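Subject: Structure handover

Hello,

The structure you asked for is below, and my notes follow it. Please read them alongside the coordinates.

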Amino acid sequence: MAWAAQRHAPVPAELIADIQVWRAATEVDPSDLRPTGPPQLGRAGRIFQLQLDKRLAVTDTRTGREWRQLVAAEALSVMKDPFLPELTERLSDLTRSGFDATHLLRSAAVAGPLPDDHPAAALWWRILDQLPQTQPATPKAVPATRRPTAPPPRLRPPPAFGPSR
């Protein structure tokens, strides 16, 4: 139940059970942090999935909704990434720690196109790259998860294939 561990708002036990049954029936990958998994293509499945999502939205925090709205406005491709709940939680943590997470998000989003594969995680790494190496002096500071590294060594060009003419 990794998806449930990501949430800070209490989720009723009955709803957790319904979502767990849904995830098992639709074979949602356990590492997918979206509560109801990927969008269903069939009409009946999609309707039931939307009902579960609506029930869950009632328990959602206002902050999470606000972050998702901002992310959607700045980098729409991120909205389909299973890492989105983790990204919104980390943005909230940055704000609580004294960082201007809105500015960090916006500047990371305009830094260029995000990859098709894992765009939310890529956006998070861009945000981490912008963080100063020193932490703000607050009791709940977010630890830096990215350490400064030496620049990558210059690679030699690959050898030419075949004889040169």
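Helices (H or I, at least four residues) and strands (E, at least two) are taken here as DSSP runs, numbered from the N terminus. On that basis the chain has seven helices and zero strands, so the order from the N terminus on is α-α-α-α-α-α-α. This is a predicted model, in which local features need pLDDT of at least 70 and side-chain atom pairs count only at pLDDT 80 or more, while totals for chains, interfaces and linings use all residues. Residues are numbered from 1 along each chain as its sequence is written, and side-chain values use heavy atoms, with hydrogens and water left out.

Overall figures

Buried means under 20% relative accessible area, exposed over 50%, and partly exposed in between (1.4 Å probe, protein chains only). Of the 165 residues of the chain, 33% count as buried. The accessible surface comes to about 11100 Å², and carbon and sulfur atoms account for 59% of that; areas come from the Shrake-Rupley method with a 1.4 Å probe, and for residues only the protein chains shown count as cover. A contact means heavy atoms within 4.5 Å. Among contacts between residues at least 6 apart in sequence, 54% join residues at least 24 apart.

Cores

A nonpolar core is a set of buried Ala, Val, Leu, Ile, Met, Phe, Trp, Tyr and Cys residues joined through side-chain atoms within 4.5 Å. The largest one has 24 residues, of which V78, L87, L91, L94, L105, L123 and I127 touch the most other members. Helix 4 (62–74), helix 5, helix 6 and helix 7 each supply at least two residues of this core. Helix 7 gives the largest share, six residues. Leaving aside residues up to four places away in sequence, L123 touches V78, L87, L105, A108, A109 and L114. Apart from this core lies another, of seven residues, with V11, I19, W22 and L52 among them. As background, nonpolar side chains tend to be buried together in soluble globular proteins.

The expected span of a helix is 1.5 Å times one less than its number of residues. Helix 7 (residues 119–130) has 12 residues and reaches 17 Å from its first C-alpha to its last, close to the expected 16 Å. Its buried residues are P119, A120, A122, L123, W124, I127 and L128. These pack against helix 5 (84–96) and helix 6 (101–109).

For helix 5, 13 residues should span 18 Å, and the end C-alpha atoms are 18 Å apart, which agrees. The buried residues of helix 5 are L84, E86, L87, T88, E89, L91, S92 and L94. S92 has a relative accessibility of 7%, and its side chain makes a polar contact with the side chain of W67 (3.1 Å). A polar contact is a pair of N or O atoms within 3.5 Å; within protein, one must be able to donate a hydrogen and the other to accept it, and residues adjacent in sequence count only if both atoms are side-chain atoms. Helix 5 is followed by G98, whose phi is positive, near 100°.

Aromatic pair

Rings of Phe, Tyr and Trp (its six-membered ring) pair if their centres lie within 6.5 Å; planes under 30 degrees apart count as stacked, over 60 as edge-to-face and the rest as tilted. By this rule the count comes to one aromatic pair. The rings of W22 and F48 have their centres 5.5 Å apart and their planes at 35°, so the pair is tilted. W22 lies in helix 2 and F48 in helix 3, so the pair ties together parts that are 26 residues apart in sequence. W22 is buried, at 9% relative accessible area, whereas F48 is partly exposed, at 38%.

Loops

Most residues other than glycine have a negative phi. E27, not a glycine, has a positive phi of about 55°; E27 lies in the loop between helix 2 and helix 3 (43–59) and is exposed, at 69% relative accessibility. H118, also not a glycine, has a positive phi of about 60°. H118 sits in the loop between helix 6 and helix 7 and is partly exposed, at 48%.

P12 is in the loop between helix 1 (2–5) and helix 2 (13–25) and is partly exposed, with a relative accessible area of 44%.

Regards
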